[in-house]
Amino acid sequence: VMANAETVYASTENLYVATTRWDDFTNDDGLEEPLLVPSTETTEIHQFAIDEPGPARYLASGEVEGRLLNQFALSEHDGRLRVAVTDQAFNGATSESAIAVLEQSDDQLTEIGRVDGMGEGEEIYSVRYLGDTAYVVTFRQTDPLYTVDLSDPAAPAVTGELKILGYSAYLHPIGDGRLIGVGQDATEEGRTTGTQVALFD
């Protein structure tokens, strides 16, 4: 596999290596000194089996639109890979975030479900998966915390949304349906003002 290992995530059975690819560079004539800017951004993901002693075995590759934040954006559950991505705003488009569900079929990781439209104009700052539920924080000026139901892999859906000032850069479950969010407080204009720790029910 000829790829950069920008993000690495492992379950007990599989190792995933992901890298961001920018395609179709175009000339941005709106600038005083035109620059080449990408028109699409995708994340390539390669799956390797690590369920037996010995070398890892290559299994499959696939891609999703958008880019990962870090390894917390990836989660394997019931043999499927869930991927949280931000589709950046290139060429005047508005950024938004999504969760895609990938399933292995022969040597391909194929997208079988996706929920889009989270945090328009923003980007992902943290992700946490708990079984069939994902929690996604996006931020630009305020912090929407999204709850995503992944119980039907073919039809993931946003089931809750909370907007507060600031953002959580790390989410940690503490039981009884509660999450701790650690990040930054911010003004209504999005200027960060210091550390913030929040408890979510």
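Let me begin with a definition: a residue counts as buried when its relative accessible area is under 20%, as exposed when that area is over 50%, and as partly exposed in between, with a 1.4 Å probe and protein chains only. The model on the screen is a predicted one, in which local features need pLDDT of at least 70 and side-chain atom pairs count only at pLDDT 80 or more, while totals for chains, interfaces and linings use all residues. Residues are numbered from 1 along each chain as its sequence is written, and side-chain values use heavy atoms, with hydrogens and water left out.

First, the overall picture. The chain has zero helices and 15 strands, where helices (H or I, at least four residues) and strands (E, at least two) are DSSP runs numbered from the N terminus. Of its 201 residues, 41% count as buried. The chain exposes about 10,600 Å², with carbon and sulfur atoms supplying 46% of that area; accessible areas come from the Shrake-Rupley method with a 1.4 Å probe, and for residues only the protein chains shown count as cover.

Now to the interior. A nonpolar core here is a set of buried Ala, Val, Leu, Ile, Met, Phe, Trp, Tyr and Cys residues joined through side-chain atoms within 4.5 Å. The largest such core has 28 residues, of which Ile45, Leu81, Val83 and Ile99 touch the most other members. Among the elements that give two or more residues to this core are β2 (14-28), β6 (80-87) and β7 (96-105). A second, separate core of 10 residues includes Tyr135, Val137, Leu145 and Leu171. Returning to Leu81, and taking contact to mean heavy atoms within 4.5 Å, its partners beyond four places in sequence include Tyr9, Tyr16, Ile45 and Ala100.

Next, strand β10, where Thr138 is found. Is Thr138 buried or exposed? Thr138 counts as buried, because its relative accessibility is 0%. Its side chain is joined to that of Glu122 by a polar contact of 2.8 Å, that is, a pair of N or O atoms within 3.5 Å, of which, within protein, one must be able to donate a hydrogen and the other to accept it, residues adjacent in sequence counting only if both atoms are side-chain atoms.

In the loop between β10 and β11 we come to Gln141, which counts as partly exposed because its relative accessibility is 40%. The C-alpha atoms of Gln141 and Ala186 are separated by 7.6 Å, although these residues are 45 apart along the chain. Leaving out residues up to four places away in sequence, Gln141 touches Gly166, Thr187, Glu188, Glu189 and Gly190.

Finally, the charged side chains. A salt bridge is a side-chain nitrogen of Lys or Arg within 4 Å of a carboxyl oxygen of Asp or Glu, and by this rule the count comes to 10. One of them joins Arg57 and Asp51 at 2.9 Å, N to O; Arg57 is partly exposed, with a relative accessible area of 37%, and Asp51 is also partly exposed, at 44%. Another links Glu161 and Lys163, whose closest N and O atoms are 4.0 Å apart. Which class does Lys163 fall into? Lys163 is exposed, because its relative accessible area is 55%, whereas Glu161, at 47%, is partly exposed. Elsewhere, salt bridges that share partners join Arg21, Glu44 and Glu63 into one network.
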